[in-house]
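Here is a guided look at one protein model, from its overall make-up down to a few single residues. Keep the structure open beside you as you read.

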Amino acid sequence: MISRPPGWRADPRFIAGVLENPLDNEAPVLGESMEVRGWALTEPPADLVLARFQGGAESRLVCGLTRDDVSRGFELAPGSARCGFSGRLALADLPAGPMTLQVDVQAGGHLLHRWQRTAVLGRVDPVYSRWRQRLHDLHRRRRIEAGSALVTWLIAPGTDPSRAAPLAQRLVVEGSGVFEAQVAESGALGALRAAARRTCTPYIGWLHAEDRLEPTAANLLLHLLPDLPYPDFVYADHDHVDGADDLTDPVFKPGWSRLLMHHPDVGSRGWLVKRSLVLEPFEDEDQVCSAAALSGRCSTGWRLPVPWLSLRRAPAPHGRPRASAALEATSVIVPSRLADPDRFARSLTRLRASRGGEQLELIVVLNNLSGLDSESAHRFLDRWGARVLESHEPFNWSRLNNLAAASASGRQLLFLNDDVEPLGPDWLLELQSLAAREDLGAVGAVLEYEDGSIQHGGIHLRGGDTPQCRHRFRHCTGDEDRVRRWLNVDGIQTAATGACLLTPRQDFDAVGGFDESLPLVFNDVDYCLRLALRGRLCGVAAGARLRHPEGISRGGLDESADAETFSRRWASSLPETDHYSHPALAADRDDWMLDPTRVPVQACPIP
């Protein structure tokens, strides 16, 4: 609960406000940008919030965001429900060291309030190097002697065959009895199977001749790997090295899913697979060992959340081949109060112009119209062949979607907000191609803000007294290396936003649709979590891109009751770190950035 500070009405221009950025000289601000967020309850209401570091460019933040926590603390203050602001401030061109952050709140061109804070800008490389040394010092102190070899490393000759044999010898010495090593005769799956026949170790691993295993890799494996029964697949974080053998790009990998085996930064090499799986028959003996031949066999996987390997940069992430089959019969469901008919018209036009868009059953549920009257709304929607339902009760996103779903005829249900606009012709095909996977019960999209930055790349959750649901990669450009490698390929996520969510009709019916006791928010996350209880996963299709200004469709309604309901239901069962995130990442950031104060020591299994 926000409490009123003493004298909160003393200045008629400025009522109250908070800059929420946790700036701490002990933990430098890292990365290409920094999120600036807070709330400013001003009189008159703020129409412009600007942020800048001394010597840096000024950034305009998004203001007017919903803040129901503030509205509860200042019930009588006008504008309290929409007093939040948030945005990112570029850091790339600023020098490292102490800098002054300045945030100005304005209305009508006049300055209402100014915050100034000191932050220490850091560089990722030295901070990461110190973190890495601390991590390996920890595992050196926990050395465990091996009873017998666990891993046979199979080394592909690569571009320099003369390096393969020396690497094999070094692995055996540094592994202290944990590792065996053999030089592969070829890069094909047949070589992996031949090695499995010649050894009795529980695991077979794949390396390239130019890769470097950390000196503490054996220790990491011994005290992080679980006891028997062994998982099917084990992988760990790694570093990239450049031509001068300098570490350039640490890769912190999400929790296990079989889709990861298709990712070049996971499936290319450095992993361990259970020897018994390699010995099973394969349809295509010429498939390389990093391909789907193995991924279909692995049902259990563990991530060692520490870098144990340095390797040359893997190929750039590539998109998943799109299916050529006809689109599944799909019903699109859009609740709307027609607050912005022009934007909705653009959305519907692009929807119909999409590949397969003309085949869609389109159902629009009108609720508490604000832009047009009922008759005009029906004529307006006739242009896109929409079937129109009306429900003019208090806004309840879950109930409106459930109402439309009950009359929908499609085998797939696609829930859309009326303020999302498809980008490109194939977004729907991308959604349905990923949804064709048998283990997926929901598929979301990548959503962008008006300026092209990322608004949503999936949802990651944190448990605790007050659970947090955060949009992955929010406010990132998508060009950051650590973001691009996960954003540009399909992935499994804990949840996805209901602003664009595709789900099979049979799964929707099986869990009873959206929970109507969550009328405004958390209904989409709750739906994905209930699917997960039935073994149905949530994916995000990298090629499905839509624009979403966020929050227009529901106005400034109080979301506190939804938050309390969701917390009571899920707080005790949510982990401290989202399974598809990483325990070394900063918990209060969405840009996949290292938290130098967190040193993970536990392996992370499939949930």
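The protein has 16 helices and 27 strands. This is a predicted model, and the values below are all computed from it. Of the 607 residues in the protein, 58% are buried. Take the contacts between residues at least 6 apart in sequence: 77% of them join residues at least 24 apart.

**The nonpolar cores**

In soluble globular proteins, nonpolar side chains tend to be buried together. Here the largest nonpolar core has 100 residues, and the ones with the most contacts inside it are Trp153, Phe179, Leu221, Trp308 and Phe566. You can pick out Phe179 and look at what surrounds it: not counting residues up to four places away in sequence, Phe179 touches Val151, Trp153, Leu171, Val172, Leu213, Ala217, Ala218 and Leu221. Another core, of 40 residues, lies apart from this one; Leu259, Leu429, Leu434 and Ala435 are among its members.

Now move along the chain to strand β16, residues 361-366. Six of its six residues are buried, so β16 is largely enclosed by the rest of the structure. In a regular strand the side chains alternate between the two faces of the sheet. In β16, Glu361, Ile363 and Val365 point one way, while Leu362, Val364 and Leu366 point the other way, and all are buried.

With β15 (residues 330-336), β16 pairs in the parallel sense over six bridges, and Ser331 stands opposite Glu361. With β17 (residues 387-390), β16 again pairs in the parallel sense, over four bridges; there Leu366 stands opposite Glu390.

β15, helix α9 (residues 341-353) and β16 make a right-handed β-α-β unit. Likewise, β16, helix α10 (residues 374-382) and β17 make a right-handed β-α-β unit.

**Helix α11**

Helix α11 (residues 397-407) has Trp397, Ser398, Leu400, Asn401, Asn402, Ala404 and Ala405 as its buried residues. The elements that cover them include β15, β16 and β17, along with β18 (412-416), α14 (505-510) and α15. At the start of α11, a side-chain oxygen of Asn396 comes to within 3.1 Å of the backbone nitrogen of Ser398.

Arg343 is found in helix α9, the helix of the unit with β15 and β16. Its side chain makes a polar contact of 2.9 Å with the side chain of Glu450.

Arg530 has its place in helix α15 (residues 523-533), and α15 is one of the elements covering the buried residues of α11. Leaving aside neighbours within four places in sequence, Arg530 is in contact with Val511, Gly513, Phe514, Asp515 and Trp570. Of these, Val511 is 19 residues from Arg530 in sequence, with 6.8 Å between their C-alpha atoms.

Pro98 lies in strand β6 (residues 97-107). Leaving aside neighbours within four places in sequence, Pro98 is in contact with Thr118, Ala119 and Val120. Pro98 and Ala119 are 21 residues apart in sequence, and their C-alpha atoms are 5.6 Å apart in space.

How values were computed:
Residues numbered from 1 in each chain as written. Predicted model: local features only at pLDDT ≥ 70, side-chain atom pairs only at ≥ 80, totals over all residues. Heavy atoms only, no water. Core = buried A, V, L, I, M, F, W, Y, C linked by side-chain atoms within 4.5 Å. Buried < 20%, exposed > 50% of the residue type's maximum accessible area, 1.4 Å probe, protein only. Contact = heavy atoms within 4.5 Å. Helix = DSSP H or I, 4+ residues; strand = E, 2+ residues; numbered from the N terminus. Pairing = 2+ DSSP bridges. Right-handed = clockwise from strand over helix to strand, strands pointing away. Polar contact = N/O pair within 3.5 Å; in protein donor to acceptor, adjacent residues only side chain to side chain.
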